[in-house]
Amino acid sequence: MAPMEKIDVRMNGEPRCAPSPEGHAFSADVGGGMTIKTPFSVSLSVPASPSSDAKPDVHHPAVPLKQARQQSLPSPTVRGSAAEVPAIRRSDTARKRDRRFDRLRTFSGRLDRQLSTLRGLSQELPAADLERGSAKISEEDTDEDHDVPTAGRYFDALEGAELDTLRSTEVAVLPKDELWPFLLRFPISAFGMCLGVSSQAMLWKTLESEPSMAFLRVRPAANHALWWVSVALTAIVSIVYLLKIVFYFEAVRREFHHPVRVNFFFAPWVACLFLVKGVPLPEWEIHHVFWYLLMTPILCLDLKIYGQWMFSGERRLSKVANPSNHLAVVGNFVGALLGARMGLRELSIFFFAVGLAHYAVLFVTLYQRLPTNVQLPKELHPVFFLFVAAPSVASMAWARISGEFNNGAKLLYFVSLFLYVSLVMRVNLFRVLRFSLAWWAYTFPMTSVALATVLYSSEVNNMLTQMVAVGLSGIAVVTVIGVLATTVYHAFVCGDLFPNDISIAITQKRPKFSNILAHLHLPSPA
């Protein structure tokens with residue numbers, strides 16, 4: 001190895017920097033009789049040149065000393081008495097940025113990265129991020145082209161009747177060991193709260209207006225209060241989800257392509273139909289434009305979802321059938337019910353026919369058995385009550401279309417009543433231990449059966465039907481109050497109402513076996 005030699009840095013032929021006698025301080029003559037001393041030493045070593053007598057002219061007099069050190073000298077190492085200090089430090093702003101959630105942001109974070117480049121920020125991920133499980137997945141196993149996973153991929157990567165639990169052989173694209181941003185944890189199924197509360201406004205309006213319930217002497221104030229509470233809740237949930245669409249559109253896309261979550265995209269429009277139906281005014285005084293505005297997106301979703309049920313290979317009904325599919329059907333019946341009250345009879349019959357045809361197919365498919373042949377976990381059993389919602393709302397819709405609670409309406413009502421009693425008799429099935437948004441599946445179907453019973457008691461008016469109507473209405477009211485209070489408790493006291501939504505964090509392709517092993521052996525973060 002070639003011998004090493006020391007090089008003196010000179011300016012105008014005179015040495016400007018010299019080591020101190022002690023060897024622990026660095027002194028520099030800056031002119032004017034001033035000398036700066038620092039507790040560091042600079043040692044510069046380069047390979048010896050063939051001619052040891054020639055000394056290189058390191059610095060030009062017109063160039064500042066600092067610039068000369070950066071351009072002319074080999075990478076210096078600054079040593080102090082305690083520890084080494086890196087010569088180049090990354091910007092604090094770049095170090096604090098967490099880019100692990102960029103893949104689900106709007107435009108997948110590409111615009112944000114371009115703006116960061118203009119600001120001169122480093123594009124490298126922090127070293128700590130590379131130690132996370134999400135960084136263990138190679139690019140070929142993730143969504144390089146920003147496409148959403150296929151329906152088959154959802155079934156392969158997730159388990160459970162609602163497809164919201166990651167299989168042990170899968171790796172999530174987002175970190176599971178920490179809490180995600182709130183908008184990413186806010187699911188479309190949160191609109192189930194709006195369905196439950198707004199249906200109560202409908203119930204109290206019906207108890208006030210139906211002749212068979214006149215003995216209760218229900219005041220209009222109850223309907224007014226519940227309607228305004230429903231409007232406020234629907235507005236809050238809608239605003240939050242709109243923010244999710246704005247900032248995390250890729251996450252919304254994944255929810256829409258989820259075989260189960262897609263059904264909840266009917267929920268916002270059905271909740272708004274409930275609000276129009278429960279408004280403290282006669283339905284025939286409401287302008288028809290509201291009905292058209294709310295039924296147009298439902299019709300578009302019908303064409304999309306029902307077409308997939310019939311013609312799609314991966315999303316055919318026999319493969320994606322789930323109790324939440326009732327939400328894709330019940331919107332047609334609610335629209336027919338409201339349209340008939342507003343005088344839109346022909347359009348009401350159209351939506352009733354479309355809903356009834358697909359409900360018959362869905363009922364048979366679900367009644368046979370779930371396609372996954374996997375038992376529902378305990379915390380998801382409330383979704384079975386969605387079996388009751390469609391026939392009960394359909395009975396009210398046909399009663400309003402025909403002008404009376406005739407045999408067709410009674411047939412649908414008795415089906416819903418039988419399913420309701422059948423579910424209540426199996427009380428052990430619904431002893432859930434952990435609260436979740438699935439509990440709201442109790443509220444809307446119970447209120448629907450109570451509403452249908454009130455209309456039935458007006459047609460068959462006797463003591464028994466009135467008692468049944470009052471009893472079912474009381475059960476529905478108590479259920480909504482209980483679930484709402486529990487929701488508030490878990491949202492603001494426990495803070496666990498919205499856990500990480502793992503169903504939107506699956507990879508587009510099945511991860512390699514080596515990546516799965518690396519993920520399973522990751523140490524827990526400090």
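A: Salt bridges

The structure holds nine salt bridges, a salt bridge being a side-chain nitrogen of Lys or Arg within 4 Å of a carboxyl oxygen of Asp or Glu. This is a predicted model, in which local features need pLDDT of at least 70 and side-chain atom pairs count only at pLDDT 80 or more, while totals for chains, interfaces and linings use all residues. Residues are numbered from 1 along each chain as its sequence is written, and side-chain values use heavy atoms, with hydrogens and water left out.

One of the bridges joins Arg400 and Glu210, at 3.4 Å from N to O. Arg400 lies in helix α15 (residues 386–402) and Glu210 in the loop between α7 (191–209) and α8 (220–247), so this pair ties together parts 190 residues apart in sequence. Helices here are DSSP runs (H or I, at least four residues), numbered from the N terminus. Glu210 is buried at 10% relative accessibility, and Arg400 is partly exposed at 25%; buried means under 20% relative accessible area, exposed over 50%, and partly exposed in between (1.4 Å probe, protein chains only).

Arg261 pairs with Asp501, their closest N and O atoms being 2.7 Å apart. Arg261 sits in the loop between α9 (249–257) and α10 (267–277) and Asp501 in the loop between α18 (463–494) and α19 (513–520), so parts 240 residues apart in sequence are tied together. Both Arg261 and Asp501 are buried.

Arg341 and Glu283 form another salt bridge, at 3.6 Å from N to O. Arg341 belongs to helix α13 (residues 327–341) and Glu283 to the loop between α10 and α11 (288–311), 58 residues apart. Glu283 is buried at 4% relative accessibility, whereas Arg341 is partly exposed at 24%. Both residues belong to a network of salt bridges that also links Lys205 and Lys277.

Definitions and conventions
Helices (H or I, at least four residues) and strands (E, at least two) are DSSP runs, numbered from the N terminus.
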